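Please take a look at the structure shown here. A short walk through some of its parts follows.

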Amino acid sequence: MLAEHSKSKKIFDNGFQISKNADLASKIYGKKNVINATLGIFYNDNEEMHTLDIVNDEYKNLSGKELFNYSSSISGEELFIEAVKQYTFGKNYARSLENNFVEVIATPGGSGAIYNTFKNYINPGEVVLLPNYMWSSYKLMSKEVGGGHQTYSLFNKKGKFDLINFKNSVIELAKIQKNLVIVLNNPCHNPTGYTLSTYEIKGIMNILKEACNMCNIILINDIAYMDFNVKKNDLSEFYRDLPDNFLLIVTFSMSKSFCCYGLRVGAQIAISSSKDTIENFLDASLYTCRSVWSNISKGGMTLFSNIVLNRKKYRQLLLEQSYMRNMVKERADIFLAEASAINLPILPYKSGFFITIPFSQGLEKEIETKLKNENIFAIIIPGGIRIAICSIPKYKIYNLAEKIKKVLY
Ligand SMILES: Cc1ncc(COP(=O)(O)O)c(C=O)c1O
């Protein structure tokens, strides 16, 4: 009975299902014999989902009204909007963003922020440009809003961002589309853990500014993993000297940085040098919010602003985040050192939740089964095994590279 446009909807790469299979295997073979490297959730070394003390404390301090009332506005609580800007661009955001217009809309997680952007900027028949290795939800969302997708190659032979392929992909579409929506997922790209260098960001922006002579450019930078970047985050290259038909949407998420996956709080941060563009963004985005999810958890937004706008609480947050970041780094260092010692190829990793081991496309089913036989559960993407090091305790990382190599070769 489905409507025609919904008949082909089926999710094939369901991480949640694979994770359930891992839990089942743990019951049969014992937890210590099973590696669940599936979900992008930070688990501590006791294999428990980690939560932050500052977040727990603040949540418990919220009043019933703060938790359960509707948000005071569809775009989000005023303090939340202020806190998102400070959190993402620093306290002096007004100065660093000068010459641009900026608006923030609260969304259900980063997912809502990406969906909202696709919904309002992909014209019927147009495609969005995605990285060839990607978080698979981008594809689902582009289809959900009636768009298609094409991919650019992330890496050249030297293991750097492939600026040449990016340029060709952008220009090819810019010639034939009115709008071109492009997704970057930086820093700590899912699934590779790659982070662009300043040189690469400058190169990307030069290409996109040139493409603005052909069509409107909407660049989404998905920063869901920004707090796991081992280097300092600096988004300024993305919003320097923007042409007036260029719209930057930074999609923010509380899920990973605050261990608040189920709270569903995120935001679209829209930046443009054109006042009209930003006013139009507000009109259309608010309409989509109201018609799809209405408004965002007041408790979640208040929790965020209470922490971010309070110097002491914010300091504690940074401390707790650095603990997680260091744990992820330790795990990554072990895996990468072992992989390098046995010549197991890895896609270029800098930091973040995931490491990807490439293989020849077409072998996905076979590799998934072989891994499962070794009690290793991971997301298989086209041509790669995505290992969520965020969810594996340190002691299980040892020898993992070797086990994977045996499965592959
Ligand atoms: C690359 C990427 N972007 C965005 C998200 C969105 O997360 P959420 O909707 O929970 O904020 C995820 C979650 O896994 C992700 O991996």
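Does Thr117 count as buried or exposed? Keep in mind that this is a predicted model. Thr117 sits in helix α6, which spans residues 109-121. Its relative accessibility is 0%, and buried means under 20%, so Thr117 counts as buried. What does Thr117 touch, apart from neighbours within four places in sequence? The partners are Ile218, Ile220, Ile249 and Gln268. With Gln268 there is also a polar contact, side chain to side chain, at 3.0 Å.

Next come two helix pairs. Two packed helices are described by the angle between their axes and the distance between the axes. Start with helix α8 (residues 163-174) and helix α9 (residues 198-211). Their axes come within 10 Å and cross at roughly 20°. Angles under 35 degrees count as roughly parallel, so α8 is roughly parallel to α9. The contact draws on Leu163, Phe166, Lys167, Val170, Ile171 and Ala174 from α8. From α9 it takes Tyr199, Glu200, Gly203, Ile204, Ile207, Leu208, Glu210 and Ala211. By class, the contact of α8 with α9 holds 10 nonpolar residues, one polar and three charged. The crossing of α8 and α9 is right-handed.

Now turn to helix α2 (residues 53-61) and helix α11 (residues 298-308). Here too the axes come within 10 Å, but the crossing angle is roughly 120°. α2 and α11 are therefore oblique to each other. This crossing of α2 and α11 is right-handed. On the α2 side, Ile54, Val55, Glu58 and Tyr59 make the contact. On the α11 side, Leu303, Asn306 and Ile307 do. The contact of α2 with α11 divides into five nonpolar residues, one polar and one charged.

The backbone deserves a look as well. Most residues other than glycine have a negative phi, and most peptide bonds are trans. Which peptide bond has omega near 0°? The bond from Asn186 to Pro187 does, and it is cis. Pro187 lies in the loop between β5 (179-184) and α9. Pro191 is also found in the loop between β5 and α9. The bond from Asn190 to Pro191 is cis, with omega near 20°.

Two residues show a positive phi without being glycine. For Arg264, phi is about 65°. Arg264 belongs to the loop between β7 (246-253) and β8 (266-272). With a relative accessible area of 32%, Arg264 is partly exposed. For Asn375, phi is near 60°. Asn375 is in the loop between α13 (364-373) and β10 (376-381). Its relative accessible area is 11%, so Asn375 is buried.

How values were computed
Residues numbered from 1 in each chain as written. Predicted model: local features only at pLDDT ≥ 70, side-chain atom pairs only at ≥ 80, totals over all residues. Heavy atoms only, no water. Axes fitted to C-alpha atoms, helices over the stretch in contact; angles between N-to-C directions. Helix = DSSP H or I, 4+ residues; strand = E, 2+ residues; numbered from the N terminus. Parallel < 35°, antiparallel > 145°, perpendicular 65-115°, else oblique. Left-handed = near helix turned anticlockwise from the far one by under 90°. Contact = heavy atoms within 4.5 Å. Nonpolar A, V, L, I, M, F, W, Y, C, P; charged D, E, K, R; others polar. Buried < 20%, exposed > 50% of the residue type's maximum accessible area, 1.4 Å probe, protein only. Polar contact = N/O pair within 3.5 Å; in protein donor to acceptor, adjacent residues only side chain to side chain.
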